[in-house]
Amino acid sequence: MPGCDPLFLGNIQRSMDFLEKCSHCGACVIDDYGAICPVTRCAKQMLNGPCGGSREDRCEVRPDRPCAWQLIYERLKSIGELDRLKSVKAPKDWSAAIHGGSRV
């Protein structure tokens, strides 16, 4: 869990190939979602649950990737924190982001 808004957070999968874990949005929400960032991992950057287009745990936009919201649900369930999903999040304010807005 971050102590502040990070400048980079990713894992090296192989040389010059990173699995991005942070979009540098300027207002980190990763602690609300079991250490899985929906802004980064969800192709549609959904903050309040899945889009409804995912099938068999795969992303509608990127079928080669797992649905971020399935991962978030499984993580929160495993740690007994599903109640975190009951609150509705406000739309993302991109003004604090390093890059000035959504990258999608």
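Okay, ground rules before anything else. What you're looking at is a predicted model, where local features need pLDDT of at least 70, side-chain atom pairs count only at pLDDT 80 or more, and totals for chains, interfaces and linings use all residues. Residues are numbered from 1 along each chain as its sequence is written, and side-chain values use heavy atoms, with hydrogens and water left out.

So, the layout. We have two helices and two strands, in the order β-β-α-α along the sequence. Those are DSSP runs numbered from the N terminus, with helices being H or I of at least four residues and strands E of at least two. Of the 104 residues, 27% count as buried; that's under 20% relative accessible area, with exposed being over 50% and partly exposed in between, using a 1.4 Å probe and protein chains only. On contacts, meaning heavy atoms within 4.5 Å: take those between residues at least 6 apart in sequence, and 43% of them join residues at least 24 apart.

I'm calling it one when a side-chain nitrogen of Lys or Arg sits within 4 Å of a carboxyl oxygen of Asp or Glu. The structure has five. One of them is Lys-44 with Glu-60, at 2.6 Å between the closest N and O atoms. Both residues are in the loop between helix 1 (38-41) and helix 2 (68-78), so this pair ties together parts 16 residues apart in sequence. Lys-44 is partly exposed at 39% relative accessibility, and Glu-60 is partly exposed too, at 41%.

Another one joins Asp-64 and Arg-62, 3.7 Å from N to O. Here Asp-64 counts as exposed at 53%, while Arg-62 is partly exposed at 34%. Then there's Glu-81 with Arg-84, at 3.2 Å; Glu-81 comes out at 30% and Arg-84 at 32%, partly exposed in each case.

Now, which rings pair up, and how? Tyr-33 and Trp-69 do: their centres are 5.3 Å apart and their planes at 90°, so it's edge-to-face. The rule takes rings of Phe, Tyr and Trp (its six-membered ring) with centres within 6.5 Å; planes under 30 degrees apart are stacked, over 60 edge-to-face, and the rest tilted. That gives one aromatic pair. Tyr-33 is in the loop between strand 2 (17-20) and helix 1, and Trp-69 is in helix 2, so the pair ties together parts 36 residues apart in sequence. Both residues are buried.

Stay there a second, and look at Leu-85, in the segment after helix 2. Leaving out residues up to four places away in sequence, Leu-85 touches Tyr-33, Trp-69, Ile-72, Tyr-73 and Leu-76. Leu-85 itself is partly exposed, at 31%. Its C-alpha is 8.4 Å from that of Tyr-73, twelve residues away along the chain.

Last stop, cavities. On a 1 Å grid over the protein atoms alone, a cavity is a set of points where a 1.4 Å probe fits but cannot get out, and lining residues have an atom within 4 Å of a point. There are two of 30 Å³ or more. What lines the second largest cavity? It has 14 lining residues, with Cys-42, Cys-51, Cys-59, Glu-60 and Cys-67 nearest its centre.

Methods. On a 1 Å grid over the protein atoms alone, a cavity is a set of points where a 1.4 Å probe fits but cannot get out, and a pocket is an open set with protein on both sides within 12 Å along at least five of seven lines; lining residues have an atom within 4 Å of a point. Grid points are joined across faces, edges and corners, and a volume is the space filled by probe spheres set on the points.
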